[in-house]
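This report describes a sheet and a pair of helices. The structure is shown first, and the description follows.

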Amino acid sequence: MCGIVGFIGAEEAAPILLDGLSRLEYRGYDSAGVAVYGEGCGLQVVKAKGRLKVLEELTQNGRALHGAAGVGHTRWATHGEPSDVNSHPQVSADGRFAVVHNGIIENYVEIKEFLQSKGVEFVSQTDTEVVAQLLEYYYKGGLLEAVGKTLERLRGAYALGILCADHPDMLIAVRQDSPLIVGRGEGFQMLASDVTAVIKYTREVSYLDDGEIAILTRDGVEVMDRYHQRVDKPVSHVDWEISAAEKGGYEHFMAKEIMEQPQAVRKTISTRIREGRVVMEGMEFSPAYLRDMDKLYIIACGSSYHVGMVAKYVLEKLLRKPVEVTLASEFRYCDPIVTKNTLALVISQSGETIDTLAAMREAKRLGARVLAIVNVVGSTIAREADGVLYTWAGPEIAVATTKAYSTQLAVVYLLGLSFAQTMGTVSEEEGAALAEALLALPGKLEEVLERRQDVQYFASLCFNHPSIFFIGRNLDYAVGLEGSLKLKEISYIHSEAYAAGELKHGTISLIEPGTLVVALASYSPLFEKLMSNVVEVKSRGARVLGLTTADLAEEMGKTADYVIAVPRTHPLLQPSLDVVPLQLFAYYVALQRGCDIDKPRNLAKSVTVE
Ligand code: M6R
């Protein structure tokens, strides 16, 4: 959700803020704004509905604003429609305070009514405006006192950047349940929702924790906890290159990230397998712990949840332990059955998804041990979990996840194999075969990508279908869920993913002559059963695009209208290869339809509101 950035130093702030916002735009992109304070110019605020380029034009790429301190915002609307007035920064009525916010102030109605009863007039529909107006209400000359009193009244999730015209030599950053980092430079300091916004300027960052307040001046940063006690924040060095977060010649980040999958999966797997055995950093699970483990609870949202769906089949098969996959947004409110012998496996690319974070905290509170699979180093989930396994995918910018999904899956396989080897639920030979197949996966992914023109051709035949069904059984069903999400997310075509055997219990009524059905048939033990379902939909006039392994392609082609073939791998690993043509299919369909692929409507990359 929304991205915030702040800068204080000796240079003109506005161009730096706009550059930072361009790297945060994936977090939300319905409007954007900046506030800059300059000697003789006062507080200058420019904000506008629409993409960042509207703001860039309005400010001549920042050159129209003068001053060395400022805050900026790119918005994903929660309270109030996307409009100029609802854009951030929100400014207090006296024009003294400019506030940028990511999150939701849950008690904003109560605060608004209180302030209105004191005569304060509101101009926007946002929850954020109450913060700016409260600051003004409490301000008697002391900025920190006003901030302290304001925070005492707020409930909800917020990362705030605050600029006060009376104190232009400082910026205030506040974090409560929404991500916020501080970038530390020589003669300048920055705040931002994530490191991508500051890395061009500094690689030294501190991750703020909940309840912390940072005071940024040109020369340094002071951090206090909620009790106003000074906190010594460690400084971490970010070691990835800025080019990793740029398009590198591709038309879209999504295309680049799809193509990066072999290398990302290689990086995630190769250092973790030695002589046929899995070696996972920072992870110790004794045979006794795993023997006594009563359940593995997988908690995630969206595509990460779909990885969990694959994981259920894989881990139950390898470990013979019950695995329950649950949507993070449901977990908190379903009175989950968790014991001290439950292992909660939390999966999140960003490590900041608020539903997943809240569910993880609940699992911990209930006594579970929590292991997280996360891509973003230093993210909140990574820091709060009992153990973390990183997916080494590098920064993922496209809203539609691809390489994060693939590397999450790779970590699931490694985890399953590691546990199975510790528990003795696979033989030496079976374990070695799986390890070998894992090491061969990147090469096979390259083979799949080499055939991307086949998928592009099918997409050119199908891009006008109003509704597309994905069917599969077992692992193929789990992959179909992801294929369907990818398609609807970026192409806006209605789509459903179904366990193939379930169609006839209702949904088959939607199949009519010409309906496109993508049939996944790579899970060889159920190939014939799946083909029966293909015949059923064909009999009702469906057009069928089959996805299967090369050895079964000819057989499938006897019934399906078109077939895409992928190389065969170990049966449990097949989802890693199958998902790629589905990502490509969604990408090429969206391209044909002229959709905004990296920034699909209504979405944002990092979902930090409930
Ligand atoms: O960062 P997370 O993995 O926790 O995000 C979870 C979902 O929001 C995410 O996977 C979403 O479904 C993707 N944009 C789908 O492509």
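## Terms and model

Two strands pair if DSSP finds at least two bridges between them. Helices (H or I, at least four residues) and strands (E, at least two) are DSSP runs, numbered from the N terminus.

This is a predicted model, in which local features need pLDDT of at least 70 and side-chain atom pairs count only at pLDDT 80 or more, while totals for chains, interfaces and linings use all residues. Residues are numbered from 1 along each chain as its sequence is written, and side-chain values use heavy atoms, with hydrogens and water left out.

## The sheet

Strand β18 (residues 295-300) runs parallel to strand β20 (residues 342-348), and five bridges join them. Within this pair, Tyr 297 has Ala 344 of β20 as its bridge partner.

Both strands belong to an open sheet of five strands with parallel pairing, in the order β19-β18-β20-β21-β22. At the edges lie β19 (323-327) and β22 (387-390), each pairing on one side only. From one strand to the next, the twist averages 20°; angles here run from 0 to 180 degrees between N-to-C directions, and axes are lines fitted to C-alpha atoms, for helices over the stretch in contact.

## Around β21

Six bridges link β20 and β21 in the parallel sense, and Leu 345 has Leu 371 in β21 as its bridge partner.

Five of the six residues of β21 are buried (under 20% relative accessible area, with exposed over 50% and partly exposed in between, for a 1.4 Å probe and protein chains only). On to β22, β21 is joined by four bridges, again in parallel; Val 374 has Tyr 390 in β22 as its bridge partner.

## A helix pair

Helix α14 (residues 428-450) and helix α19 (residues 574-592) have axes that come within 10 Å and cross at roughly 30°. The two helices are therefore roughly parallel (angles under 35 degrees; over 145 is roughly antiparallel, 65 to 115 roughly perpendicular and the rest oblique).

On the α14 side, the contact is made by Leu 441, Lys 444, Leu 445, Val 448 and Leu 449. The α19 side contributes Ser 576, Leu 577, Val 580, Pro 581 and Leu 584.

How values were computed. Contact = heavy atoms within 4.5 Å.
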